Structure formats: structure tokens, C-alpha cells
Amino acid sequence: PGLLKAETSEARGIGFVWEPQFMDLSVAVDYFEIEVSDEVSTLGPAAIVFLCYTSDTHATDPLCSLFTRGGNGGDGFLLNQINDSYLNVNSQTNRGIDLTVSYNHEFPWGDLTVLSQVTYQLEDTIAFFAGNGTDSNGDNGDPQFVGNVNFRLDRDDWTFNWGMNIIGPSSDDDDVVTSAPAGALSGNPARLFDVDAETTVYHSVSVRRRFDDWAILAGIANLSGEEPPGVTSVGAAQQTLFGSSLAASQYDYIGRRAFVRQSRSF
């Protein structure tokens with residue numbers, strides 16, 4: 001009490017749906033904007049130091065005031081103390097557009113359903129303190145564009161599916177620094193990575209056969225064996241990695257795999 005504020009948030013959205021009478025089509029477009037203020041959080045010692053030295057406003061960024069360096073052992077670069085107490089994150093803003101397209105039609109050879117869901121992110125900004133916001137939209141792990149497209153064909157007791165999971169390109173080109181900022185360890189740039197992740201598409205296929213009271217489904221996920229973006233630069237140690245690959249929740253790290261599922265109703 002007296003040190004922290006209560007977290008507040010505000011969400012706004014507007015959208016429309018178009019369903020033409022001349023075809024079995026539905027198109028929905030939604031704009032969303034979410035703002036969170038004064039989120040109570042702790043950043044962690046490593047994040048405080050890293051975010052200070054990678055800040056566009058180093059060394060005047062308020063995060064840099066949360067730790068001190070001293071003459072421990074005669075080396076003024078060693079950390080003396082890091083203040084990792086609870087704090088209010090000034091603001092977080094996320095804006096984007098959701099697009100959903102659905103098509104369903106009955107053909108002589110079966111019922112075809114096509115469903116596409118896409119999100120295009122316009123902004124993903126976080127400001128730990130007033131006036132020092134950073135927009136990570138388009139950075140690795142935070143692509144501007146993600147989407148799913150699924151084709152489904154129902155014919156009698158059979159269902160055929162082909163799905164695509166699409167992850168847009170991302171890049172950390174803007175974070176490349178070729179020299180160490182003032183106060184950092186000499187000869188060790190705070191940011192020395194240049195990772196470009198191209199558009200990644202994962203394909204999956206499956207077939208389902210229905211019987212009287214049970215069904216069996218078989219398929220292959222990640223049909224083409226698509227690998228996550230690789231990271232080979234030694235300076236990419238500042239990136240979050242999984243082995244030699246960029247670690248981000250959108251990517252598949254298992255590879256091509258088959259699956260079988262059986263269900264029964266009672």
C-alpha cells in the first residue's frame with residue numbers, strides 16, 4: 001500500500017460481418033485495441049540488466065537506475081546490487097485486426113468447408129516507465145501476421161482435412177548494435193544478433209471414417225517436415241534458443257509425425 005497502484009485495463013473493438021446472398025460465404029473483420037495500465041510485476045535481475053543495455057534510451061532509461069556497479073575486486077564493471085522489487089509497468093498496448101473467412105457449399109461429390117482465420121497485429125508496445133515504450137511488433141517471437149487455413153471435405157462417412165498454419169516473417173535487424181554502449185563490459189556489445197525468420201507454413205492432413213457408434217482418424221502433422229528458423233550467429237546468445245533454433249511459441253520443434261485417434265460414443 002502506498003507504493004503500488006491497482007492495475008487497470010481498457011478494451012475496445014469494432015467489427016462487421018458480410019454474408020452475400022449469392023454464395024455460401026461469410027467474412028468477418030474485427031479491429032481490437034487493448035490497453036493495460038500499471039500491471040504489477042517483477043522483471044527479474046537478468047531482464048533488468050539486459051533491458052537497460054538494450055534500451056533505445058540507454059543509459060537514461062529508468063531501468064538502469066535499478067542496479068549499481070562498483071569497485072568489487074578492483075573491477076568497476078561488476079554488479080553490486082539489483083533492485084528487483086515489485087513495480088507498476090506503466091502501460092501495455094496491443095492493437096490488431098482479425099479476419100475470418102468461411103465458405104461452405106454442397107457439391108455433387110461432397111460438402112466442402114473452407115475456414116480461414118488471420119490476425120494482423122498493428123502494435124505491441126510495452127512501456128515499463130512513462131515515455132520509454134518499445135514496440136516489439138514484428139520482432140522474432142512476435143510476428144505481425146499469423147493465420148490458419150483449413151479445407152474440409154465431407155462425403156458420406158468420410159471426412160478429409162488439409163490444414164495450414166502460417167507464421168509471418170519476423171526480424172531483429174533493428175536490434176543489431178556493433179559497439180558496446182557506455183558502461184557495458186568493454187568489447188561486448190549488448191546486442192549482436194541479426195536473425196531474420198521468413199514466413200513459415202506447416203501443413204497437416206487427416207482422414208476420418210465414421211461407423212455406427214465409433215470413428216477412427218489418422219493423419220500426418222507437419223507434413224513437409226518444416227524446421228523452425230535456425231540461429232547460427234555466435235552473437236545470437238541474446239536470443240532465446242532451443243538448441244540452434246529460434247525459440248518462440250509459434251514454431252514446431254517436433255517435426256513430421258503421424259497420429260491415430262479412435263473415439264466411441266455411448
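**Figure 1. Asp 213 and Arg 264 form a salt bridge in this predicted model.** The closest N and O atoms of the pair are 3.4 Å apart, where a salt bridge is a side-chain nitrogen of Lys or Arg within 4 Å of a carboxyl oxygen of Asp or Glu. Distant parts of the chain are linked here: Asp 213 belongs to the loop between β12 and β13 (214-221), Arg 264 belongs to strand β16 (residues 257-264), and 51 residues separate them. Strands (E, at least two residues) and helices (H or I, at least four) are DSSP runs, numbered from the N terminus. Asp 213 is partly exposed at 30% relative accessibility, while Arg 264 is exposed at 51%; buried means under 20% relative accessible area, exposed over 50% and partly exposed in between (1.4 Å probe, protein chains only). Residues are numbered from 1 along each chain as its sequence is written. Since you are looking at a prediction, please keep in mind that local features need pLDDT of at least 70, side-chain atom pairs count only at pLDDT 80 or more, totals for chains, interfaces and linings use all residues, and side-chain values use heavy atoms, with hydrogens and water left out.

**Figure 2. Glu 10, Arg 12, Glu 33 and Glu 35 are linked in a network of salt bridges.** Side chains of opposite charge can pair when their charged atoms come close. Arg 12 meets Glu 10 in a salt bridge of 2.6 Å, N to O, and the salt bridge between Arg 12 and Glu 33 is also 2.6 Å, N to O. The latter pair links distant parts of the chain, with Glu 33 in strand β2 and Arg 12 in strand β1 (residues 8-18), 21 residues apart. Glu 33 is buried at 15% relative accessibility, whereas Glu 10 is partly exposed at 44% and Arg 12 is partly exposed at 33%. A search of the whole structure finds 8 salt bridges.

**Figure 3. Ala 28 is a buried residue of strand β2.** The strand covers residues 25-41, and Ala 28 has a relative accessibility of 14%. Neighbours within four places in sequence aside, Ala 28 is in contact (heavy atoms within 4.5 Å) with Phe 16, Val 17, Asp 98, Leu 99 and Thr 100. Phe 16 lies 12 residues away in sequence and 5.8 Å away in space, C-alpha to C-alpha.

**Figure 4. Trp 158 and Phe 160 make a stacked aromatic pair.** Rings of Phe, Tyr and Trp (its six-membered ring) pair if their centres lie within 6.5 Å; planes under 30 degrees apart count as stacked, over 60 as edge-to-face and the rest as tilted. By this rule the protein has 5 aromatic pairs. The centres of the Trp 158 and Phe 160 rings are 6.2 Å apart and the planes meet at 10 degrees, so this pair is stacked. Both residues are partly exposed, Trp 158 at 37% relative accessibility and Phe 160 at 35%.

**Figure 5. Ser 206 is a buried residue of strand β12.** Its relative accessibility is 13%, and strand β12 runs over residues 200-210. Beyond four places in sequence, the contacts of Ser 206 are Thr 159, Phe 160, Asn 161, Leu 217, Ala 218, Gly 219 and Phe 259.
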